[in-house]
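I opened the notebook to look up how the two parts of this chain meet. The entries follow in the order of looking.

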Amino acid sequence: MLRTRILGTGFVTGENLVKNEAIAGLMDTSDQWIRERSGVEQRYYVEKGTTTSDLGLGAARKALDDAGVRAEEVDYIVFATMTPDYFFPGCGGILQHKLGLGPIPALDIRQQCTGFIYGLRTVLLVGAEVHSGFMPWHHWDFVFGRGGEPPTEEEKAWITRFRDRTVLFGDAGGACVLRGAEGERGLLGFQLHSDGKDFQSLYVPACGFAQRPYVSESDLREGRHIPEMNGKHVFKQAVTRMPQVVREVCSRNGVEVRQLDLLIAHQANLRINEMVQRALELPDEKVFNNIQRYGNTTAATIPIALDEARKAGRVKDGNLVCFVGLGAGFHWGAALMRA
Ligand code: UT7
């Protein structure tokens, strides 16, 4: 039987490591609040000018190298991102050019946090985000600890309006190389869902063609270009739908949840993942989390976690691995893989 196998993985982060303490200089928040409520201890932000396709390129090169596959062998690119370099065209074609490839097909997918799971086919699959552009501050030198003016009290109050979201996110890219191969190893099955009913519980109100013009000065003044989130609702969706879809993908493939060797979930909030783990009754050694070090990097979280887990020896040949994610849309899904 021909199955899709993950041959190699790799990731890169934004250039600048930013700890919670630096974020607390920008807004009314604290290292303790962020750790306790989300698990995040630090994140990376790009240097101005580094784009999502640059992070995708770095990750893709590492994944190709890890797979022992030359760039010219890639015959399809799927690029998952919600923070593309340009409104259009997408990052897939830009990555094709930056890799110096022939005119192979390249597409972008917009499933936000579930983008990576949606893209698992025989391809160079990249998930990358530069969330910095959403951040409601311009005090980058201050955040990066290079001097720079701290925000005024008025600016701090403005930034604090968005603190529930901004403290969570970081910039990074992850990639993997997929190829069909004979045998029992590879991707066994998927369970994918979308439901647009509650799309406004996590979305960007401005910068879309539902309004005219698609962006205005008042949008920027009121912060409508920054994602709006009903955190509690998203949290509730995540902790119910993620265990549900893991159970679905297991039962459809004739596997018991307790037979899983490793669960790699989207990294949005450590508390979410701990609740998913409890709901599925999985012991700690069967779960891999790294949100503490990178924050939520949306489409990049799963390939980064997979790369780290593989390189830490947590994914052994023959292991049964389950990926699961939920995010804006809502889109959610799970995939099963025999390593
Ligand atoms: O990638 C997928 C998409 N995203 C998610 O999955 C996120 C899902 N949601 C969450 O992770 C959580 O809802 C958050 C981490 C966003 C928030 O945690 P919470 O426990 O739901 O807190 P909350 O929104 O109920 O806020 C509790 C308090 C509020 O103060 P009051 O009203 O109790 O006085 C907030 O104003 O915490 C305050 N707060 C903060 N305080 C310090 C909110 N953000 C911050 C902050 N620092 N950054």
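I took buried area as the accessible area (1.4 Å probe) that two parts lose on being put together, summed over both. I note that this is a predicted model, where local features need pLDDT of at least 70, side-chain atom pairs count only at pLDDT 80 or more, and totals for chains, interfaces and linings use all residues. Residues are numbered from 1 along each chain as its sequence is written, and side-chain values use heavy atoms, with hydrogens and water left out.

Entry: division. I found domain 1 at 2–182 and domain 2 at 186–289 + 296–338; the bounds come from an automatic or database domain assignment. Their C-alpha centres are 15 Å apart.

Entry: interface. I read about 3,800 Å² buried between domain 1 and domain 2, with 65% of it on carbon and sulfur atoms. In contact (heavy atoms within 4.5 Å) are 47 residues of domain 1 and 49 residues of domain 2.

Entry: charged pairs. I looked for salt bridges, meaning a side-chain nitrogen of Lys or Arg within 4 Å of a carboxyl oxygen of Asp or Glu. The rule gives 2 across the interface of domain 1 and domain 2. I also looked up the salt bridge between the side chains of Asp66 and Lys311, at 3.8 Å from N to O.
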